[in-house]
Amino acid sequence: MIKRLAVLLMAGLAVAACQSAEPAQSSAAAPEEPVRPVLSALERSRQDANRDDVIASILTRKLRELDASAYRGVTVEVWSGRVLLMGAVIKPDQRRRAEQNAAGISGVTRVINELILAEDRALDLFIPDQAKEGAVRRHLGVDGKGGLIVRVVNNVAFLLGGVADRAQAESLRADAGEVDGIKWVVAHVDGGT
């Protein structure tokens with residue numbers, strides 16, 4: 001019986017020692033960053049999201065078939081039929097052909113061509129940065145939400161989606177620019193009218 005009590009007492013002390021105590025905060029401590037409210041980004045229906053995914057897949061396949069090497073720095077996102085082309089290509093003609101191919105796909109309502117020109121050796125720098133995308137989503141309070149597409153390509157944050165009003169659209173743009181490592185923000189979010 002005494003052995004059992006001793007073992008339980010030792011186990012309890014070991015557990016207590018492993019738990020970290022929170023340090024007392026002094027009044028001079030820096031205040032924590034306030035939690036941002038989740039913006040009411042407009043969600044797409046599953047059917048609309050699937051349709052957009054199909055458009056993105058078709059366009060990505062078409063670009064790879066044209067010239068996989070020349071279009072390796074291109075990222076395609078689609079929201080409610082709006083195609084956003086991000087990244088870089090080598091020649092102006094490739095930029096134009098990417099836009100033409102997007103416009104020729106059934107279901108595309110608008111093509112937003114944000115492709116820039118770069119040297120061939122720089123195209124690999126235009127791959128989306130998932131870590132920074134996560135940081136932007138968390139900062140905006142939309143992490144895990146489907147109402148906004150966030151892509152970070154070459155330290156530029158691209159936002160695509162819908163929000164309730166223009167004030168939220170401007171807030172998204174400004175807040176995304178506050179994330180460390182983001183050079184600027186390109187926002188293509190529809191604010192309600």
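Q: What share of the 193 residues in the protein chain is buried?

A: This is a predicted model. In the protein chain, buried residues make up 38% of the 193 residues.

Q: How many helices and strands does the protein chain have, and in what order do the elements run?

A: The secondary structure comes to five helices and six strands. From the N terminus on, the order is α-α-β-β-α-β-α-β-β-α-β.

Q: Take strand 1. Which residues sit on each of its faces?

A: General idea first. Side chains in a regular strand alternate between the two faces of the sheet. Now the case here. Val74, Val76 and Val78 lie on one side of strand 1, and Thr75, Glu77 and Trp79 lie on the other.

Q: Which way do strand 1 and strand 2 run, and how many bridges join them?

A: They run antiparallel, and six bridges join them.

Q: Where is asparagine 155, and what is its phi?

A: Asparagine 155 is found in the loop between strand 4 and strand 5. Its phi is near 65°, again a positive value in a residue other than glycine.

Q: Why does glycine 147 count as buried?

A: Glycine 147 counts as buried because its relative accessibility is 0%. Glycine 147 sits in the loop between helix 4 (130-140) and strand 4 (148-153). Its C-alpha atom is 9.0 Å from that of leucine 160, 13 residues apart along the chain.

Q: Which residues of helix 5 are buried, and why do they line one face?

A: An α-helix has 3.6 residues a turn, so residues three or four places apart point the same way. In helix 5 (residues 166-176), the buried residues are Gln168, Ala169, Leu172, Asp175 and Ala176. Seen down the helix axis, they fall within an arc of 140°, so they line one face. The face turned away from that buried side carries the exposed residues Arg166 and Ala167.

Q: Which residues line the largest pocket?

A: A probe the size of a water molecule, rolled over the atoms, shows where empty space is left. Here the largest pocket holds about 150 Å³ of space. Its lining consists of Gly87, Glu114, Ile116, Phe126, Val153, Asn154, Val156, Phe158, Lys183, Trp184 and Val186. By class, the lining has seven nonpolar, two polar and two charged residues.

Q: Which strands and domains supply the lining of the largest pocket?

A: Strand 3 (110-117), strand 5 (156-163) and strand 6 (184-191) each supply at least two residues. Domain 1 (44-126) and domain 2 (128-192) each give at least three residues to the lining.

Note on methods: Residues numbered from 1 in each chain as written. Predicted model: local features only at pLDDT ≥ 70, side-chain atom pairs only at ≥ 80, totals over all residues. Heavy atoms only, no water. 1 Å grid on protein atoms, 1.4 Å probe; cavity = no way out; pocket = protein on both sides within 12 Å on 5 of 7 lines; lining within 4 Å. Points joined across faces, edges and corners; volume = space filled by probe spheres on them. Helix = DSSP H or I, 4+ residues; strand = E, 2+ residues; numbered from the N terminus. Nonpolar A, V, L, I, M, F, W, Y, C, P; charged D, E, K, R; others polar. Domains from an automatic or database assignment. Buried < 20%, exposed > 50% of the residue type's maximum accessible area, 1.4 Å probe, protein only. Pairing = 2+ DSSP bridges. Arc of directions from axis to C-beta.
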